[in-house]
Amino acid sequence: MQRRDFLTGVGVAAMLPLAAQAADLPAIRWRLASSFPKSLDTIYGASETLSKRVAALTGGKFQIRVFAGGELVPGLQVLDAVGNGTAECGHSAGYYYVGKNLALAFDTAVPFGLTARQQNAWMYAGGGIEALRTLYAKYNVLQFPGGNTGTQMGGWFRKPIKSLADLRGLKMRIPGIGGQIMAKLGAVPQTLPGGDIYPALERGALDAAEWVGPYDDEKLGFHKIARHYYYPGWWEGGPQLSFYVNQASWKALPEQYRQAFEVATAEANQLMLAQYDAKNPPALLRLVGQGVQLHPYPKDVMLAARRATFELYEEEAKTNPDFAAIYRPWKQFRDTEFQWFKVAEAAYSNFNYYVK
């Protein structure tokens, strides 16, 4: 038997007992409220991956119907919808809800934070899931990692940003703590769901906007209005999406269905990052071929943003116990991770990317 055949056989054998057991379990129908439009197949698609895998693992007895942003609830109300039981589960980004608690940003990304690999390490092996579930319990929600985009781009601008002074008064779509830092640098941040960004740019309500990266940004058409594309997205080094589950709904699930759901979230989490890493490079080449101008952020912007970021963290930790409980161990984890990645990963990458 070939190794691949053997592994496939093992996988099928592992699934059969669960599907067989599910035949004797109740049929359950859930609704999933997504924050994202169907046009974004990478992000929205994570919910479809979850739905299909859960159904397959339970012999079709556990069905999850996915609703795009705005179909069941507005895209920025998913956390509330899941917490109050309007939907049994959801797919969203924690930093959309920093108005409730700034600590929720750690669920997605914070400025000058972790890369995608480091975020996964923190979540699955560094205490991140435990810390965030303690926080989300206050909102009647159970959280699962639900995808990652990798380091994002720094946004689309109508005019070049040549120095820190060019950010003053600039209206930019940027959520979470990144938006707060931009405000400290003089910009005027706004939080809008993905489907609302293009119209706001088109009518001049925004001067700039960030979303994810080349693949999604090309789909949304930002390059048709704002031609200056900046990098890196220093506020989103490894932004994670999350699946939310209503706590009462979770407790009512048979154990086999819980296992299927958890396995499916882990698959969706990994698949999204793989898709972005495969789709972003050719999308960037297409954008540049259409006249998009790439720019690094000026050094004075980067330095000012980093300084303002850690000042904000320290200030918030003094007054917000939830933030402090996550930030202190997270910061220690971050600093240790950065030391290791600087030794091997960065050295390898820098040689291959820059030495000719």
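Searching the whole structure gives two cavities of 30 Å³ or more. On a 1 Å grid over the protein atoms alone, a cavity is a set of points where a 1.4 Å probe fits but cannot get out, and lining residues have an atom within 4 Å of a point. Grid points are joined across faces, edges and corners, and a volume is the space filled by probe spheres set on the points.

This is a predicted model, in which local features need pLDDT of at least 70 and side-chain atom pairs count only at pLDDT 80 or more, while totals for chains, interfaces and linings use all residues. Residues are numbered from 1 along each chain as its sequence is written, and side-chain values use heavy atoms, with hydrogens and water left out.

The largest cavity has a volume of about 90 Å³. It is lined by 14 residues, of which Tyr95, Tyr96, Gln152, Val212 and Leu241 are the closest to its centre. By class, that lining has nine nonpolar, three polar and two charged residues. Here Ala, Val, Leu, Ile, Met, Phe, Trp, Tyr, Cys and Pro count as nonpolar, Asp, Glu, Lys and Arg as charged, and the others, Gly among them, as polar.

The second largest cavity holds about 50 Å³. Its lining includes Phe106, Gln119, Gly237 and Trp330, and comprises five nonpolar, four polar and no charged residues.

What is the volume of the largest pocket? It is about 1700 Å³, where a pocket is an open set of points with protein on both sides within 12 Å along at least five of seven lines. Of its 39 lining residues, Thr115, Thr151, Pro232, Gly237 and Tyr353 are the closest to the centre. The lining divides into 19 nonpolar, 14 polar and six charged residues.

The peptide bond that joins Tyr231 to Pro232 is cis, with omega near -5°, and Pro232 sits in the loop between strand 9 and strand 10. Phe112, in the loop between strand 3 and helix 4, has a positive phi, near 60°. For context, most residues other than glycine have a negative phi, and most peptide bonds are trans.

I turn to the sheets. Two strands pair if DSSP finds at least two bridges between them. In it, strands 9 and 11 are parallel over four bridges, and His228 stands opposite Gln293.

The other open sheet has five strands, ordered 2-1-3-10-4, again with mixed pairing. Strands 2 and 4 are at its edges, each with a single partner strand, so one side of each has no neighbour in the sheet. Strands 4 and 10 run antiparallel and are joined by six bridges, with Asn148 partnered by Gln240.

Finally, helix 6 and helix 11 pack at about 115° with their axes 10 Å apart; axes are lines fitted to C-alpha atoms, for helices over the stretch in contact, and angles run from 0 to 180 degrees between N-to-C directions. Contact, meaning heavy atoms within 4.5 Å, involves residues including Ile177 and Lys184 of helix 6 and Leu312 and Glu315 of helix 11.

Terms used: Helices (H or I, at least four residues) and strands (E, at least two) are DSSP runs, numbered from the N terminus.
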